[in-house]
Amino acid sequence: MGKIRRLVLDVLKPHQPTIIEWARQLSDLEGIDAVNVNVYEIDQKVENVKVTIQGRDISYDGILEVIRENGGSLHSIDEVVGGTLIIEESITLQDQLRTGG
Amino acid sequence: MNPLRRWLQQLKEYEDIAQVGQIARRYFAMNAFDGVLTMIGVLMGNYSAGVESARVIISTGLATSMAIGVSGFWGAYFTESAERKRDLDDLESYTLTDLNETKIGRASRAAAIVVSLVDGLAPFLAALVVLLPFFFTSLWGEIYHSYYLSLAMALGALFALGAFLGAISRENIALTGVKMIGAGLLAMVLGYLLSPFGG
């Protein structure tokens, strides 16, 4: 079966447990090499974080369990990379026109 | 990881989430203080009434300390559970998920239990310490020595509590200790004056 190598998720979480604890728990999962948890919006009780996970064989279910266990709620899956290599998105002509590049 | 280490780590995690330490410390000081002062009241009542049986004082003292313990545990458990449930419901309205079976829900329930145990045990143990000399009355044979020793221990316990609070607030611990002793002395004087044999 194909392997997931990178996942980018948008998650809403309570302030506690902190993103340090989240990064620790996510990186403890089997098949994960690196985790980046980035806060981009803070509210009174919750915060929105962008979670980037890279690894050899990422278990999506394991990640969902960590999110659920820590009181988070998954808003969207923003990027998925699978296969034996990690491939970045290709820049198309439309992208260049949109960004003016 | 061995079970004890895992348990300690989980406790630390719960402490981070539910912030048990601060509130438990507050409850400890407040209720140990209550325990000591209640026992001063019991002792002054017995003293003024001229009770000379260590057995009577021990049984009334134990029953009273038990009642303060139960009252502390019960009151704190229901208050703390209600407050924490409300906080959890509030948080759920933001995350739009059920948080009961998450680390946050478990930490919240564990916090209510830890805090109520502290709230029940602190006055119970503090009251028991004050009562301690009466268990050894047969050693010195004079009940009034037990009374004086108990009251001195009560003042000592109050000083220790004051010093503990002083250490928390980073104030002069001798001064905060003496302030607490003031409450003990006031309770003793009032207890003596209000008794039918006093004043």
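A polar contact is a pair of N or O atoms within 3.5 Å; within protein, one atom must be able to donate a hydrogen and the other to accept it, and residues adjacent in sequence count only if both atoms are side-chain atoms. By this criterion, 5 residue pairs, with both members at pLDDT 80 or more, are in polar contact between chain B and chain A of the predicted model. On chain B, the side that touches chain A draws two or more residues from each of α1 (3-18), α3 (54-95) and α4 (103-131). Of these elements, α3(B) gives the most, with 4 residues. By residue class, the side of chain B that touches chain A comprises 5 nonpolar, 3 polar and 6 charged residues.

Charged pairing is also present across the interface, where 2 salt bridges are counted between chain B and chain A. In one of them, the side chains of Lys45(A) and Asp90(B) meet with an N to O distance of 3.3 Å.

The extent of an interface is often expressed as the accessible area lost when the parts come together. Here, about 1,200 Å² is buried between chain B and chain A, with 58% of it on carbon and sulfur atoms. Tyr94(B), Thr95(B) and Lys103(B) account for 40% of the area that chain B buries against chain A, more than any other three residues. In total, 14 residues from chain B and 16 residues from chain A take part in the contact.

Within chain A, strands β2 (residues 32-42) and β3 (residues 46-55) run antiparallel and are joined by 9 bridges. A hairpin of 3 residues connects β2(A) to β3(A), and Val35(A) lies opposite Ile53(A) of β3(A).

Technical notes: Residues are numbered from 1 along each chain as its sequence is written. Chains are lettered from A and ligands numbered from 1 in the order in which they are written. This is a predicted model: local features need pLDDT of at least 70, side-chain atom pairs count only at pLDDT 80 or more; totals for chains, interfaces and linings use all residues. Side-chain values use heavy atoms; hydrogens and water are left out. Contact means heavy atoms within 4.5 Å. Buried area is the accessible area (1.4 Å probe) that two parts lose on being put together, summed over both. A salt bridge is a side-chain nitrogen of Lys or Arg within 4 Å of a carboxyl oxygen of Asp or Glu. Ala, Val, Leu, Ile, Met, Phe, Trp, Tyr, Cys and Pro count as nonpolar, Asp, Glu, Lys and Arg as charged, and the others, Gly among them, as polar. Two strands pair if DSSP finds at least two bridges between them.
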